[in-house]
Amino acid sequence: MKTALQLLRAYLDNVRTPAVSAAQFSENGVLELPTVKAHAEGPAAVEKLLTGLLAKVPDFRFKDLKVWIDTPERVFAEYSVEALVIDTGKVYQQTYAGVLIAENGKIKLLREALDTAAAARAFSKD
């Protein structure tokens, strides 16, 4: 059975393959980014959210994982992304802070926080 950290790594490492990242979630597992009002419940919804993101930022990939808290059921970490937003021609540079709660070897909750001002700059058409 995968630990919380193993699930987070699988999600982050495979974000460019939405079906693989989404498969880490339980049937009622949630990916949420409350500051941008993003909420996806279940693998199909997570896959759809990630697919939509990749359509706008095809080179989106996580890097620089820093783990702050690591238990078998919970992990808290920071991770970054730097990629071109196709519609604006701007670079999306972001550090996420995420808490993941695992249950029965699947993601029950992955809640991420991000700098909304950095996101707005990258995605806004001036």
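Q: Which residues have the most contacts inside the largest nonpolar core?
A: In soluble globular proteins, nonpolar side chains tend to be buried together. In this predicted model, the largest nonpolar core has 35 residues, and those with the most contacts inside it are Tyr11, Phe60, Tyr92, Tyr96, Leu100 and Leu110. Two or more core residues come from each of α1 (4-13), β1 (25-33), β2 (38-41), α3 (43-56), β4 (74-85), β5 (90-103), β6 (106-113) and α4 (116-123).

Q: What is Tyr96 in contact with, leaving aside its neighbours within four places in sequence?
A: With those neighbours set aside, the contacts of Tyr96 include the aromatic residues Phe60, Phe62 and Tyr79. Leu33, Ala77, Val81, Ala113 and Leu114 are also in contact with Tyr96, as are Glu78 and Glu112.

Q: Is Leu110 buried or exposed?
A: The criterion for burial is a relative accessible area under 20%. Leu110, found in strand β6, has 0% relative accessibility and therefore counts as buried. Beyond residues up to four places away in sequence, Leu110 touches Leu8, Tyr11, Phe25, Val30, Leu31, Glu32, Tyr79, Val99 and Leu100. Sequence separation and spatial distance can be read side by side for Leu110 and Phe76: they are 34 residues apart in sequence, with their C-alpha atoms 9.7 Å apart.

Q: How many helices and strands are there in the protein, and what pattern does the protein follow along the sequence?
A: The protein contains four helices and six strands, arranged along the sequence as α-α-β-β-α-β-β-β-β-α. Its radius of gyration is 14 Å, close to the 14 Å that the globule rule gives for 126 residues, so the protein is as compact as a globular protein of that length. Along the principal axes, the C-alpha atoms fill a box of roughly 45 × 30 × 20 Å.

Q: Where are Lys37 and Asn104 found?
A: Lys37 lies in the loop between β1 and β2, and its phi is near 55°, a positive value in a residue other than glycine. Asn104 lies in the loop between β5 and β6; its phi is also positive, at about 55°, although it is not a glycine. The cut-off for exposure is a relative accessible area over 50%. Lys37, at 78%, is exposed, and Asn104, at 65%, counts as exposed.

How values were computed. Residues numbered from 1 in each chain as written. Predicted model: local features only at pLDDT ≥ 70, side-chain atom pairs only at ≥ 80, totals over all residues. Heavy atoms only, no water. Core = buried A, V, L, I, M, F, W, Y, C linked by side-chain atoms within 4.5 Å. Buried < 20%, exposed > 50% of the residue type's maximum accessible area, 1.4 Å probe, protein only. Contact = heavy atoms within 4.5 Å. Rg over C-alpha atoms; globule rule 2.2 N^0.38 Å.
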